[in-house]
Amino acid sequence: MAVLVAYASKHGSTAEIAEAIAAELRERGLDADCLEAAEAGDVGAYDAVVLGSAVYMKRWQGDARHFLRRHSKELSGLPFWVFSSGPTGDPAEDDAAWEEPKRTIAKAEKLGARDHVVFGGRISPESGRMAKAMAENTPEEFRDRRDWAEIRSWAAGIAAELAG
Ligand SMILES: Cc1cc2nc3c(=O)[nH]c(=O)nc-3n(C[C@H](O)[C@H](O)[C@H](O)COP(=O)(O)O)c2cc1C
């Protein structure tokens, strides 16, 4: 069974999440391709799709939004999962309105997405002026909130659903 893991990432941390998902799917016997959303063309050649994007200013990256639009027909006929990646900082101060690109997720759900999760993101001072300011205001231990066990476990759930 062939799975496409497509992602949009500006500074690489979402790309690493997508790679971890693809690696877990492969370990569970699936044939997973991990590609940038802008490069992933032949969606119809896959048996299932996972689409993920970094969230900036409450929005998915354009490439992931375009992917959703461009491939809506194929996606509505395939098992399909969605993740966002974004929140950094103290989890006690998380704000769902900041993490959830509501309209985009509603679109994905309308196309039949089986699940949508928000994974913690990473903020690094090297990623531009805004990121530098945000990183400086973020305690070091909350600058990379990606939880690899959580990510792997979500991917394992996808593999189990596809096997069933
Ligand atoms: C200017 C800027 C705006 C951001 N806006 C959001 C946001 O609206 N919601 C959110 O959850 N995270 C936001 N973040 C955090 C990023 O989503 C996080 O750093 C993510 O891991 C970046 O992914 P990437 O490395 O794949 O680009 C923002 C970060 C920056 C630098």
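How many bridges join β3 to strand β4 (residues 59–60)? Two bridges join them, and the strands run antiparallel.

## Basis of the model

This is a predicted model, in which local features need pLDDT of at least 70 and side-chain atom pairs count only at pLDDT 80 or more, while totals for chains, interfaces and linings use all residues. Residues are numbered from 1 along each chain as its sequence is written, and side-chain values use heavy atoms, with hydrogens and water left out.

Strands are DSSP runs of E with at least two residues, helices are runs of H or I with at least four, and both are numbered from the N terminus; two strands pair if DSSP finds at least two bridges between them. Strand β3 (residues 48–56) has eight of its nine residues buried, meaning under 20% relative accessible area with a 1.4 Å probe and protein chains only.

Strand β1 (residues 2–8) pairs with β3 in the parallel sense over six bridges, with A6 opposite L51. Strand β5 (residues 80–85) also pairs with β3 in the parallel sense over six bridges, and here G52 stands opposite F83. In the hairpin of β3 and β4, two residues lie between the strands, and M57 in the turn has a positive phi of about 50 degrees.

## The ligand

The ligand is surrounded by 22 residues, the closest being S9, V55, Y56, K58 and R122, where a surrounding residue has a heavy atom within 4 Å. The shell draws at least two residues from each of α1 (13–27), β3, α4 (96–99) and α6 (129–136).

Methods: Buried < 20%, exposed > 50% of the residue type's maximum accessible area, 1.4 Å probe, protein only.
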